[in-house]
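Welcome to a short walk around a protein. Open your viewer, get ready to select residues by number, and follow along stop by stop.

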Amino acid sequence: MKRSWLTLNSSDKWGALHGVVPLLLLCVVIPYWSHIENGWVNLGIRTQSLWDRMLDTIGDDTFNLYVYGLNSWTFVLYWSVGLAFLFAETCARPQWLLRYKVQPKATVDRKRLYSLVTTVLVNQFFVILPFSIVSHYILLFRGTLPPIREVPTFQRFVIIFAILVTTQEVVGYYTHRLFHHRLIYKWTHKLHHQWTAPIALSAYYNRPLDHLIVNMMPATIGLPLTNAHFFTSWLWLTWATLRTLSDHSGYHVLPFPSPRRRDFHHQKFTECYGVWGPLDYLHGTETLFRASKTASKSQ
C-alpha cells in the first residue's frame with residue numbers, strides 16, 4: 001500500500017529527502033551553478049576585451065590615468081549631477097522629482113552659491129589634484145601598482161569593494177566626529193554646516209584641511225591598503241562621488257539610502273556622523289534620528 005508524503009513520519013521523510021537532495025544537486029544545482037560560473041567567465045572576457053580597447057584608445061600611462069583620468073571623470077560627474085540637482089531645486093523642474101524631496105520646505109540660499117562654487121573648485125584643483133599626484137608617486141615608489149591592462153577578477157573586485165565600504169565607514173565616522181570637536185570645529189568643519197539644508201554641490205563645501213581629512217581620506221585610504229586596480233578605483237570613486245552627492249542633495253532619487261540621515265546631521269550637528277550608520281548605532285549617535293523617524297511614522 002502506497003503512503004502519501006503527509007502520512008510519512010519524520011524519519012521516513014528525512015530518508016526520502018536524503019535520496020532527493022543528491023538527485024536535485026545532480027540534475028539542477030550543479031548544471032545551474034556551472035551556467036552561472038560560465039556566465040561570469042564570459043562577462044570577464046568581454047570586460048577585459050572592452051578594457052583593452054579603451055586603453056588602446058586613451059593610452060595606458062598610469063600617471064595620466066590615475067591623476068588626469070580619475071580627476072577629470074569625477075570632476076565632470078560631480079558638476080553634471082550637482083548642477084542637475086541645483087536646476088531641479090531652483091526651477092522646480094521636473095515636477096516628478098519633487099515627490100522625492102526629503103525637505104519639502106527647504107530652499108537654496110542663492111547668495112551663497114558664488115562662495116560654494118569657488119570653494120568647491122579650490123578643493124578640487126588645489127586639494128584633490130595635488131593629493132592624487134602625491135598618492136600616485138607613493139604607489140610608484142612602493143612598486144605596488146597592479147598591471148594596468150589586467151582587469152581584476154569578479155571575486156577580487158567584490159572583496160575589495162566590501163573592504164572599501166568598511167574603511168570608508170570606519171575612517172569617515174571617526175574623522176567626521178573629530179572635526180566636530182569644539183576645539184577645532186569653528187576653524188574647520190563649521191563652514192560645511194553653513195548649509196543647514198544641504199544641496200548636492202555643497203558636498204565639497206569645506207575648508208581644505210577639512211576636505212582632505214573628512215572627505216578624501218575615508219573615500220581613498222582603502223585603495224592603497226587593498227592594492228586596488230585602476231578599474232576598481234574608477235568604479236569605487238564613481239560610487240563614492242554619487243553617494244556623497246545623493247546624501248547632500250535632499251532628494252531620494254539615486255539608488256542609495258535616503259539622505260534623511262545627512263539632512264538630520266546638518267540640522268542637529270551632533271548625530272549621524274557615519275556614511276552607513278552602524279557606528280552611529282554602536283556609539284549611540286543616532287538616538288534622536290531614530291526617534292524622529294518613529295515620530296514621523298506615527299504621524
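Where is Cys272 found? Select it: Cys272 sits in the loop between α8 and α9.

Before going further, a word on the model. It is predicted, so local features need pLDDT of at least 70 and side-chain atom pairs count only at pLDDT 80 or more, while totals for chains, interfaces and linings use all residues. Residues are numbered from 1 along each chain as its sequence is written, and side-chain values use heavy atoms, with hydrogens and water left out.

**Stop 1: the whole protein**

Zoom out and colour by secondary structure. The protein has 10 helices and zero strands. Helices (H or I, at least four residues) and strands (E, at least two) are DSSP runs, numbered from the N terminus. Of the 299 residues, 40% are buried. Here, buried means under 20% relative accessible area, exposed means over 50%, and partly exposed is in between, with a 1.4 Å probe and protein chains only. The protein exposes about 17600 Å², and carbon and sulfur atoms supply 67% of that area. Accessible areas come from the Shrake-Rupley method with a 1.4 Å probe; for residues, only the protein chains shown count as cover.

**Stop 2**

Go back to Cys272. Its phi is near 60°, a positive value in a residue other than glycine. Cys272 counts as buried because its relative accessibility is 1%. Now select Phe269, which is also placed in the loop between α8 (260–268) and α9 (278–283). Phe269 is not a glycine either, yet has a positive phi of about 75°. With 28% relative accessibility, Phe269 counts as partly exposed. Most residues other than glycine have a negative phi, and most peptide bonds are trans.

**Stop 3: the loop between α2 and α3**

Next, find Pro94, in the loop between α2 and α3. A cis peptide bond joins Arg93 and Pro94, with omega at about -5°. Tyr100 lies in the loop between α2 (62–91) and α3 (113–142). Tyr100 is partly exposed, at 36% relative accessible area. Select Trp96 and Val253 as well: with Tyr100 they make a nonpolar surface patch of about 270 Å². Like charges are joined within 9 Å, and nonpolar side chains (Val, Leu, Ile, Met, Phe, Trp, Tyr) within 5 Å.

**Stop 4**

Move to Glu89, in helix α2. Is Glu89 buried or exposed? Glu89 counts as buried because its relative accessibility is 17%. Leaving aside neighbours within four places in sequence, Glu89 is in contact (heavy atoms within 4.5 Å) with Lys101, Ala106, Thr107, Val108 and Tyr251.

The largest cavity has a volume of about 90 Å³. On a 1 Å grid over the protein atoms alone, a cavity is a set of points where a 1.4 Å probe fits but cannot get out, and lining residues have an atom within 4 Å of a point. Grid points are joined across faces, edges and corners, and a volume is the space filled by probe spheres set on the points.

**Stop 5: helix α5**

Finally, select residues 208–220, helix α5. Its buried residues include Asp210, His211, Ile213 and Met216. Show the neighbouring helices too: the buried residues of α5 pack against α3, α4 (154–178), α6 (222–225) and α7 (230–249).

Definitions and conventions
Patches are made of residues with over 30% relative accessible area and no salt bridge: like charges are joined within 9 Å, nonpolar side chains (Val, Leu, Ile, Met, Phe, Trp, Tyr) within 5 Å. A salt bridge is a side-chain nitrogen of Lys or Arg within 4 Å of a carboxyl oxygen of Asp or Glu. On a 1 Å grid over the protein atoms alone, a cavity is a set of points where a 1.4 Å probe fits but cannot get out, and a pocket is an open set with protein on both sides within 12 Å along at least five of seven lines; lining residues have an atom within 4 Å of a point.
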